[in-house]
Amino acid sequence: MSILQKGLKLSPEEKRALLADLLRKKSKQARTVATSFAQQRLWFLDQLDPQSAAFNIARATRIRGRLDVEALTNALNILVARHESLRTNFALADGEPAQVISSPQEIDLAIVDLQGLDHGAEDEARRLAAEASDCGFDL
């Protein structure tokens, strides 16, 4: 008996559960998608100058008060899980760049505690932010 024939005997709740399970399994697999013209252009420029930070747009945000690191990490994980563009990188497929969309994974948030610096914490934070914004993005 095929799954379609079996499906006819399932309750609506069982059908929803089966569909949710199938979608969950599918979302855990990486998939490859063709690139847009703009993505091809960025990929080409990256091939000419790997690790360039020319297209990075860096922004800093000051957080006052106690930082709930767990809540921030959870929020970022939800954001990454929701948006495929944050899980997409590029690889060659038959000589052409293609998008490879990975399944959601837990991010490892790097925390730098500057509380121990009596003076110069602000300068050190600026230095670290500038250093991070000058790093290239690995497509």
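Within helix H2, which spans residues 12–27, Glu 13 and Arg 16 sit 3 residues apart, a spacing of about one turn of the helix. In this predicted model, the two side chains form a salt bridge in which the closest N and O atoms are 3.7 Å apart. Both Glu 13 and Arg 16 are exposed. Side chains of opposite charge can pair when their charged atoms come close.

| Salt bridge | Closest N and O atoms |
|---|---|
| Glu 13 with Arg 16 | 3.7 Å |
| Glu 122 with Arg 62 | 2.6 Å |
| Arg 126 with Glu 122 | 3.4 Å |

**Salt bridges around Glu 122**

Glu 122 forms a salt bridge with Arg 62, their closest N and O atoms being 2.6 Å apart. Because Glu 122 lies in helix H5 (residues 121–133) whereas Arg 62 belongs to the loop between helix H3 (37–48) and helix H4 (69–82), this contact ties together parts of the structure that are 60 residues apart in sequence. Glu 122 also takes part in a salt bridge with Arg 126, at a closest N and O distance of 3.4 Å. Arg 126 and Glu 122 are 4 residues apart in helix H5, so about one helical turn separates them. Taken together, Arg 62, Glu 122 and Arg 126 are linked in a network of salt bridges.

Arg 126, at 54% relative accessibility, counts as exposed, since the exposed class begins over 50%.

**Strand S3 and its partners**

Strand S3, made of residues 96–101, is mostly covered, with 5 of its 6 residues buried. Strand S1 (residues 31–34) is joined to S3 by 4 bridges, and the two run antiparallel; within this pairing, Ala 34 has Ala 98 of S3 as its bridge partner. Strand S2 (residues 88–93) likewise runs antiparallel to S3, to which 6 bridges join it, and here Thr 88 is partnered with Ile 101 of S3. S2 and S3 form a hairpin with 2 residues between them, and Asp 94 in the turn has a positive phi of about 55 degrees. In a regular strand the side chains alternate between the two faces of the sheet.

Notes: Residues numbered from 1 in each chain as written. Predicted model: local features only at pLDDT ≥ 70, side-chain atom pairs only at ≥ 80, totals over all residues. Heavy atoms only, no water. Salt bridge = Lys/Arg side-chain N within 4 Å of Asp/Glu carboxyl O. Buried < 20%, exposed > 50% of the residue type's maximum accessible area, 1.4 Å probe, protein only. Pairing = 2+ DSSP bridges.
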